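Subject: Structure handover

Hi,

Here is the structure I promised you. Please open it and keep it beside you while you read my notes.

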Amino acid sequence: MAPSSKDPGASVAVQDYAKTIYVLTEHDGGAVGTTLLAERLGVSASSASGMIRRLDELGLVEHVPYRGVRLSPAGRELALKMVRRHRLLELYLVKALDLPWDQVHAEAEVLEHALSDQLEDAIAKKLGQPELDPHGDPIPTRDGRVSDAATVRLDEAAPGTVGELVRVSDTDPAMLRYLAEHAISLGDRIEVIDRVAFGGTVAVRVGVAPDDVFEQLGESLAAAMRIRVGAASTDQPATVV
């Protein structure tokens with residue numbers, strides 16, 4: 001059984017590491033290395049290594065030779081609990097308090113550790129048992145189930161690919177503000193026009209003619225966006241902005 005938020009082993013740091021390992025491996029189910037984990041959490045590699053040893057002692061991670069660590073069943077249970085709280089809080093802050101989507105991640109990072117099971121359930125009920133957070137990320141159910149449709153990272157989509165923007169990473173507020181300023185939001189139709197190899201830009205057409213626009217997205221921004229492939233194509237030219 002995973003440590004609960006009241007167990008000594010489930011400190012804020014333990015909760016953060018478990019949640020971060022889950023998020024970093026959410027799409028491929030693989031393992032995560034110490035360097036990437038340290039980078040995401042903003043700590044030194046030695047600090048990350050020490051905490052991984054702690055997680056191992058608690059039975060929350062499993063080592064994968066030459067690749068890093070992945071969550072054990074107990075670690076996944078704890079991670080899903082924290083992910084659920086985080087994403088519910090993000091949605092509540094947007095829906096109830098009208099906070100912009102680029103501000104709620106940092107607030108939820110703090111609040112999630114103080115949330116009780118009762119308040120978590122009350123928020124979920126108030127929001128109508130939502131399935132997605134403001135950035136399109138799936139909200140795990142109370143019993144740890146996750147409903148997640150297949151998506152493609154925009155920077156990996158081939159030219160000609162058409163899909164719907166369904167998820168955006170919430171880790172960089174500046175990226176979220178950029179998308180908001182350019183009126184790019186979840187649900188928009190995205191068509192990949194061109195992709196420059198080796199870290200170049202991704203040219204896309206956003207929206208449906210005659211209101212579609214042409215955008216050049218940097219690699220890091222495109223990597224933070226995920227589309228669900230299958231939207232109808234159009235041959236109408238885009239408006240260059």
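Two residues are in contact when heavy atoms lie within 4.5 Å. Keep that cut-off in mind for Leu55. Leucine 55 touches Val14, Tyr17, Ile21, Leu60 and Val61, leaving out residues up to four places away in sequence.

A word on confidence. This is a predicted model. Its mean pLDDT is 90, and 92% of the residues reach 70 or more. Residues 231-241 are another matter: pLDDT stays under 50 there. The model still has 30 contacts for that stretch beyond four places in sequence. Where pLDDT is low, the predicted coordinates should not be read in detail.

Now the cores. The largest nonpolar core has 23 residues. Which of them touch the most other members? They are Ile21, Leu37, Leu55 and Leu71. Helices H1 (12-24), H2 (34-41), H3 (45-57) and H4 (73-97) each give two or more residues to this core, and so does strand E2 (68-71). Both domain 1 (12-71) and domain 2 (75-127) supply at least three of its residues. A second, separate core has 20 residues, including Trp101, Val168, Val206 and Leu217. In soluble globular proteins, nonpolar side chains tend to be buried together.

Look at H1 next. Helix H1 has 13 residues and spans 18 Å from its first C-alpha to its last. That is close to the 18 Å expected at 1.5 Å a residue.

Last, the domains. The protein is divided into domain 1 (12-71), domain 2 (75-127) and domain 3 (152-229). The C-alpha centres of domain 1 and domain 2 lie 22 Å apart. Twelve residues from domain 1 and twelve residues from domain 2 take part in their contact. About 1000 Å² is buried between these two domains, and carbon and sulfur atoms give 65% of it.

Best wishes

Definitions and conventions
Residues numbered from 1 in each chain as written. Predicted model: local features only at pLDDT ≥ 70, side-chain atom pairs only at ≥ 80, totals over all residues. Heavy atoms only, no water. Core = buried A, V, L, I, M, F, W, Y, C linked by side-chain atoms within 4.5 Å. Buried < 20%, exposed > 50% of the residue type's maximum accessible area, 1.4 Å probe, protein only. Helix = DSSP H or I, 4+ residues; strand = E, 2+ residues; numbered from the N terminus. Domains from an automatic or database assignment. pLDDT = per-residue confidence, 0-100. Expected span 1.5 Å × (residues − 1). Buried area = accessible area lost by both parts, 1.4 Å probe.
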